Amino acid sequence: MSEIFDGLRPGPGTEEGQVWNHRDVPRFVVGCDDDEHDMDQVEFGMKSGAFEEDEMEEDDESPSERQIVVGICAMMKKSTSKPMTQILDRLCKFDYIDVVIFPEEVILEEPVENWPLCDCLISFHSKGFPLDKAVEYAKLRNPLPINDLNMQYFIQDRREVYRILQEEGIDLPRYAVLNRDPNNPEECSLVEGEDHVEVNGEVFHKPFVEKPVCAEDHNVYIYYPTSAGGGSQRLFRKIGSRSSVYSPESSVRKTGSYIYEEFMPTDGTDVKVYTVGPDYAHAEARKSPALDGKVERDSEGKEIRYPVMLTAMEKLVARKVCLAFKQTVCGFDLLRANGHSYVCDVNGFSFVKNSMKYYDDCAKVLGNMVMRELAPQLHIPWSIPMEAEDIPIVPTTSGTMMELRCVIAIIRHGDRTPKQKMKMEVRHPLFFELFEKHGGYKSGKLKLKKPKQLQEVLDIARLLLVELGQHNDCEIEEKKSKLEQLKTVLEMYGHFSGINRKVQLTYLRNGQPKASSEEEESKKDGPSLLLVLKWGGELTPAGRVQAEELGRAFRCMYPGGQGDYAGFPGCGLLRLHSTYRHDLKIYASDEGRVQMTAAAFAKGLLALEGELTPILVQMVKSANMNGLLDSDRDSLTGCQQKVKARLHEIMQKDQDFTPDDYQKLAPTGSPSLVNSMNILQNPVKTCDKVYALIQSLTSQIRKRLEDPKSADLQLYHSETLELMLQRWSKLERDFRMKSGRYDISKIPDIYDCIKYDTQHNASLGLEDTLELFRLSRALADIVIPQEYGICKSEKLDIAQAYCVPLMKKIQLDLQRTHEDEAVNKLHPLYSRGVMSPGRHVRTRLYFTSESHVHSLLSMFRYGGLLNEEKDQQWKQAMDYLSAVTELNYMTQIVIMLYEDNNKDPSSEERFHVELHFSPGVKGCEDEENVPLGFGFRPAASENEDKKPNHGSLEDLSQDQPDQALLVSEPINSLRRSPMIRNRKTGSMEVLSEASLTQSSKCTSHRLLPSCSRQSPEIKPAMGLGFEGCSMVPSIYPLETLHNLLSLKQVEEFLSRVCESSSDAHAKTMNALSGLFDSQNQASLYSPQQPLSSSGSEASLRPPSQSLWHGSIPSSAVSSAGPSSPITESATLNFSFNQ
């Protein structure tokens, strides 16, 4: 946004506050030197005392009065462009300034002696412009230059631009220059690796940027790492609505000279800064062309840009750039990344498009500059005018409206292919060499994910198989089938991408422990390596759609998500984001499916297009920082081992469950567990049935394979029948052990596979799959949640081992929201309709896997956040959660923080927290068993006249379209509410975007169509197919767990559960110090006193009145419970860079 750092005022004779006069006569003249006499005549006509001339009454204006001539020497396309015309119009309103535009044919064909005369020259290079002649003209006539001409040679060479920036001490990305001799391009200091390049000894890891040294060449390429999918994004000069395109090409260009530089993660927006002299800069943000290459345009087809406030440091940079390049009018690009601003390009002369304020300011600044320099020399009576420039900001608040300050969501990844793994013990020297080469001996463990590393494993497997073919050596014979499987899986996709396979090697000093008595003879002594190959578990197309749709629906939680901005709902968030008032960070664990889910969600959230790779690289931060989102499987707690052993023991009894078993297995009395146990009755008999069903399934698949018609059938996600058979045969082999007992740990895998096949491969029409689904689901509903602890104390213990670092991070997110930070703020003029324009909304999204979601939910349920005896709302929430059987794909836990600006900053009621939850994707089968929650009830929607009976839901269908729309039912505006369920078994719905937009009209963009029992008129949506995917199940709406928590309650609870485990504390220190650089200091608080039970009684108060007026600016609204100020007892300091 335009910012004036000094007194820049309008032309002579204008009084303070007076608007420039509009005249109907021509503003400026196109001409050569022999036109000058006529020009004086025309101009004399123009200067007809248009302004009130208080100061200048005594100066009589006569035709002989000397005029200052400003010459415009540029290509016609530039000198007649709209911004130039608008600015020159305004410049002519200065009484003593005339403008002459040099005709293009004169510039190109005439010698400089014949060019028009001028006192001040605005001349700049563009394609086809003879810069040499302009330099010659400036030498000959010596006019006052607005933009230095000699420096414009430097601006055409990116190497020179970077050199000058560096000399001025301006931050730029780390870079290296590769100069190639066009005659022998091979001779250059470039070494290209798979995921990096080395230029003159400097290593740049992907993602990095490759820019041609010539600034006129806009073909800038960004190369992505293989872990994100590889390939490159090719940027170019805008063509229509495209500014870049994704390409699968991963190797750098082999001819031409380039600058290589580090890629800066800017969260998808660029800042363009336009200076007019050292003291004025206008800045706007636009979507980064590297993100998806789609140019955002408004209804008139212009690129959408948003005015931005510059920080003090950035203003200084603008001043330095303007002075260093001696360009009064100068555009340059800023990248805001990691809390710093970096200059990545200087464009020389350029104007802002479509900003009347900028046109006014620019003409004022230039006019004053010309008058200040030339008026004294030409004896023109002129004094620098002064006027008040600052814009008063009037804050608006209203009623008990609350402002949304922070949204934190923890989300499980989307639908994936079944996870598979194979273990084999290897002793061949080649494997030991590989282990040593990649540093396996340091920790005794090695994870291989990079394509090059996987290629090495494949080469070893191929080599050993060839050897086996030649010598029938029984030493290797043992593993032939496993080696073949290793080879098949590694060759599976035709190319390596670290996203879908990995090999782990673990050093075993004395070989693998003997599994059973028969194997004893075949075992050898001495060290070996355990090779574990993991594959599958990739995000499916359905999973991408789920994540993207959820992202789209998530938008509607934000203020201003209404109205028809650019034609879709949820645009409030998009405006927030582009204007830097949305502080968004997306974290994902380092598993491919989780990262891709995060990228697809970001695509829906921010309305992006195209491939996920560029979005992943720019928007998603990998948080594999010591357990923030990754579970370190090797460090299973002792508690978890014991729990698994007890679980196996109970599930191995060949008899019906006794009351004692119910007590042992479901001490919490959870209805979902009890139901599953009722279905099973006898666990071993059920396992027998499941085993028989798997055998029947594999024999059906074998029959299909023998049938030539279906032999080369393509299944979902390009799986073949062959691969499907391998998947099931392995489960058949592993589930029933040699001892005849069942391996309970395989139950989740069986459920995983049958869930996948009933949803995606139902067209095969295999028999009894639904029965297998029903039984394995009942088994899984016991085994999966109970692996995370059977009784409350175990659940807490295991949960702490997984998610203390994440809970610390959530605590920091909540605390840092209400501290004032140096945030990039929106210019006040442009933020009408937002309650406090200087504020911003912080969003933190954490994408992770099932273990973290289970653990976090256990913490909230059993960690003592509230006392359910004393809090009716919490009791109902706990009943609902214990009836939920499965935390499916896209499960969400959402925490929202509101601030009531009317309350005293130190009052507990100032900040207010809401907790919401959704169990994710709907299952393939019966919906009758789905527990009914109480709908989505942000406190904002509950009025004082309602009794605090949280069981009933008020009818919200009367909302005005522009009320704050609080979160939502994810996925589609039209989905049935939890109260009115369609009882048809296995119905799956998906809504296309078209139906999304239509439906939003009737539900006032409220994502959850009013959930009240009093509004049965909302009909369930019909299931629609989804192009390119098998049916994509819809996602359950968010259910409110509690909407009257104070921030103090939540912070005390988080401190208490986090501090109660000492080794978890050490883990947190690691995770957090790994996550942040030392940028800002924030404090973690010392453990609070345990919450007295009376503390939660406050949350039973009726919610205070919330006023819903059509005129209120739509900042998110919530009315409120008690809340807390910041606690001052800072004990641990974490430094980090948000």
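1. Helices (H or I, at least four residues) and strands (E, at least two) are DSSP runs, and they are numbered from the N terminus. This is a predicted model, in which local features need pLDDT of at least 70 and side-chain atom pairs count only at pLDDT 80 or more, while totals for chains, interfaces and linings use all residues. Residues are numbered from 1 along each chain as its sequence is written, and side-chain values use heavy atoms, with hydrogens and water left out.

2. Start with the loop between β20 and α9. N354 is found there. K353 lies in that loop too, with β20 spanning 340-348 and α9 spanning 356-374. How exposed is K353? K353 counts as exposed because its relative accessibility is 52%. Buried means under 20% relative accessible area, exposed means over 50%, and partly exposed is in between (1.4 Å probe, protein chains only). N354 has a relative accessible area of 40%, so N354 is partly exposed.

3. Backbone angles deserve a look next. Phi of N354 is near 60°, a positive value in a residue other than glycine. Q681 also has a phi near 60°, again positive and again not in a glycine. Q681 sits in the loop between α20 (671-680) and α21 (683-706). Its relative accessibility is 47%, so Q681 counts as partly exposed. Why note such angles? Most residues other than glycine have a negative phi, and most peptide bonds are trans.

4. The bond from K206 to P207 is cis, with omega near 0°. P207 lies in the loop between β10 (202-205) and β11 (208-212).

5. Which residues gather in a patch of positive charge on the surface? They are K77, K78, K127, R237 and K353. The patch rule takes residues with over 30% relative accessible area and no salt bridge; like charges are joined within 9 Å, and nonpolar side chains (Val, Leu, Ile, Met, Phe, Trp, Tyr) within 5 Å. Lys and Arg count as positive, Asp and Glu as negative, and His and the chain ends are not counted. The place of a charge is NZ of Lys, CZ of Arg, CG of Asp or CD of Glu. Accessible areas come from the Shrake-Rupley method with a 1.4 Å probe, and for residues only the protein chains shown count as cover.

6. Salt bridges come next (a side-chain nitrogen of Lys or Arg within 4 Å of a carboxyl oxygen of Asp or Glu). How many does a search of the whole structure find? It finds 43.

7. One of them joins R286 and D270, with N to O at 3.7 Å. R286 lies in strand β17 (residues 280-287) and D270 in strand β16 (residues 269-276), so the pair ties together parts that are 16 residues apart in sequence. Both R286 and D270 are buried.

8. Another pairs the side chains of E794 and R646, at 2.7 Å, N to O. E794 belongs to helix α25 (residues 792-817) and R646 to helix α18 (residues 638-651), so the bridge ties together parts that are 148 residues apart in sequence. E794 is buried, at a relative accessible area of 12%. R646 is partly exposed, at 31%.

9. K1048 forms a salt bridge with E908; the closest N and O atoms are 3.4 Å apart. K1048 lies in helix α29 (residues 1047-1059) and E908 in the loop between β29 (892-899) and β30 (911-918), so this pair ties together parts that are 140 residues apart in sequence. K1048 is partly exposed, with a relative accessible area of 33%. E908 is partly exposed, with 35%.

10. Salt bridges also form a network here. It links E548, E549, R552 and K603.

11. How many disulfides does the structure hold? The number is zero. A disulfide is a pair of cysteine sulfur atoms within 2.5 Å. C406 counts as buried, at 0% relative accessibility. C214 counts as partly exposed, at 36%.

12. Two residue pairs show the fold across sequence. V841, in strand β28 (residues 841-848), counts as buried at 5% relative accessibility. V841 and D583 are 258 residues apart in sequence and 6.1 Å apart in space, C-alpha to C-alpha. Y153 is found in helix α6 (residues 151-155) and is partly exposed, with a relative accessible area of 36%. The C-alpha atoms of Y153 and H125 are separated by 8.7 Å, and the two residues are 28 apart along the chain.
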